Amino acid sequence: MGYADLGCYGAKDSRTPHIDRLAREGVRLTDCYSNGPVCTPTRCALLTGRYQQRYGRALEWALVPADVNQGLLPQHTTIARLLKNAGYRTALCGKWHLGRESRFNPLHHGFDEYYGLTGGNVDMYSKQDRFKNYDLYDGLEKAPPTPGYLTELLAARATRFIDANHANPFFLYVPFNAVHWPFQAPNQPASQRDATTWTDGTRPTEYKPMLEAMDAAVGRVLQALDRHGLTQNTLVLFTNDNGGERLSDNGPFRHHKATLWEGGIRVPGLLRWPAKLPKGKVSRQVAASMDFAATISAACGVSAAPAEPFDGIDLTPILAGAQPEKERDLFWRINRPRQRVRAVRSGPWKYVLDGGIHNLYNLSTDPGETRDLFYTETAIASQLQEKLAAWEKSLA
């Protein structure tokens with residue numbers, strides 16, 4: 001999804017009233033980042049609260065069907081396991097993409113329930129990937145073939161979990177696979193795709209209705225909280241795992257998914273917790289996917305595993321106004337045979353090493369990364385290069 005695909009982030013052609021409600025009733029982050037420019041690495045960071053690079057080279061990029069032996073090992077601690085151990089009921093309804101084999105299944109990572117896809121994307125109606133592999137699971141087993149639009153099935157399962165567990169503490173992770181391709185609108189079951197049509201579509205006819213259907217599904221989850229009187233003291237977080245692709249609107253930012261330019265990693269970030277956070281606040285606090293696990297952990301009064309301390313920070317005191325906004329450094333890395341890119345953001349400054357090309361931008365005055373200052377702000381460039389080298393060394 002693109003940064004500017006939501007109404008609360010300036011959408012021009014789509015309506016997202018339910019997600020916009022989170023911004024209206026909570027805090028909207030302007031400078032929120034995905035930990036990676038594609039799905040798998042960000043999801044790893046989101047669940048562990050740590051840089052995904054700490055878990056091996058395989059989790060630095062999107063896992064593909066051939067990577068059957070790759071995934072997040074159960075020996076590593078997720079926020080779901082921390083909360084399960086603290087007495088919370090836990091569920092995942094949606095996209096996993098952290099390992100296809102049974103040994104990587106979410107049930108081995110602290111989730112009591114799992115309903116969703118193990119891979120990166122499926123046809124929204126057949127629930128098959130582009131290689132015709134059926135990929136809809138209920139726990140460790142494949143779910144029976146189920147008619148219906150996948151976004152709506154995931155929302156139904158999520159609300160059923162809330163209905164069943166509203167009297168107890170619970171953690172619900174609902175990673176919709178929309179608006180990832182294949183781009184398919186709701187109520188069009190004849191639109192099933194194959195490998196030759198997998199990425200077809202236009203923004204008005206497929207992407208926009210797909211996005212709005214996802215927003216309606218978010219609304220169903222929020223309505224379940226309302227129905228059980230849980231809204232006031234439930235922390236709800238909304239974000240996405242990378243910048244938008246070809247049909248998305250990334251707003252003022254350069255480039256798109258799979259890059260470390262702002263369009264590839266700047267994402268929406270919304271937090272609503274009426275009991276603790278202000279209403280309608282807009283914050284420029286720099287945040288990342290890994291901060292959400294740290295924030296949830298602090299909210300629930302549990303600590304990170306001693307052997308796996310969080311790299312993310314608890315955002316609550318900053319967003320609540322108890323602490324000032326924190327200047328911090330964030331780092332990214334793409335390590336692929338034909339794509340080697342590094343980036344660091346420090347304060348308003350961002351340094352990108354793309355192959356052998358150095359770039360430096362001041363995001364406060366140039367969010368679109370159009371004016372390279374590497375050869376004029378040499379002291380700042382040198383400082384950020386040193387920080388980036390130290391970060392990479394810390395991962396060894």
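Helices, taken as DSSP runs of H or I with at least four residues, are numbered here from the N terminus. In these terms, Gln53 is placed in the loop between α2 and α3, the latter helix comprising residues 79–85. The model in which this position is described is a predicted one. Gln53 has a relative accessible area of 6% and is therefore buried, given that the term applies under 20% relative accessible area. When residues up to four places away in sequence are not counted, the contacts of Gln53 are with Glu60, Arg333, Trp391 and Leu395.

Helix α2, which spans residues 39–48, packs with helix α7, which spans residues 290–299. In general, a pair of packed helices is described by the angle between the two axes together with the distance between them. For α2 and α7, the axes come within 6 Å and cross at roughly 20°. Because of this angle, α2 is classed as roughly parallel to α7, angles under 35 degrees being assigned to that class. The crossing by which α2 passes α7 is right-handed. On the α2 side, the contact is made by Ala45, Leu46, Leu47 and Thr48, and these residues meet Met290, Phe292 and Ala293 of α7.

Helix α7 itself is mostly covered, with 8 of its 10 residues buried. The buried set includes Met290, Phe292 and Ala293, which are also the residues of α7 that meet α2. Asp291, Ala294, Thr295, Ile296 and Ser297 of α7 are likewise buried. Just after the helix, Gly301 adopts a positive phi of about 75°.

A further covered element is strand β2, formed by residues 89–93, of which 4 of the 5 residues are buried. Strand β2 is joined by 4 bridges to strand β6, residues 170–173, and these two strands run parallel. Strand β2 also pairs in the parallel sense with strand β3, residues 113–116, in this case over 3 bridges.

Notes
Residues are numbered from 1 along each chain as its sequence is written. This is a predicted model: local features need pLDDT of at least 70, side-chain atom pairs count only at pLDDT 80 or more; totals for chains, interfaces and linings use all residues. Side-chain values use heavy atoms; hydrogens and water are left out. Axes are lines fitted to C-alpha atoms, for helices over the stretch in contact, and angles run from 0 to 180 degrees between N-to-C directions. Angles under 35 degrees count as roughly parallel, over 145 as roughly antiparallel, 65 to 115 as roughly perpendicular and the rest as oblique. A crossing is left-handed if the near helix is turned anticlockwise from the far one by less than a right angle, and right-handed if clockwise. Contact means heavy atoms within 4.5 Å. Buried means under 20% relative accessible area, exposed over 50%, partly exposed in between (1.4 Å probe, protein chains only). Two strands pair if DSSP finds at least two bridges between them.
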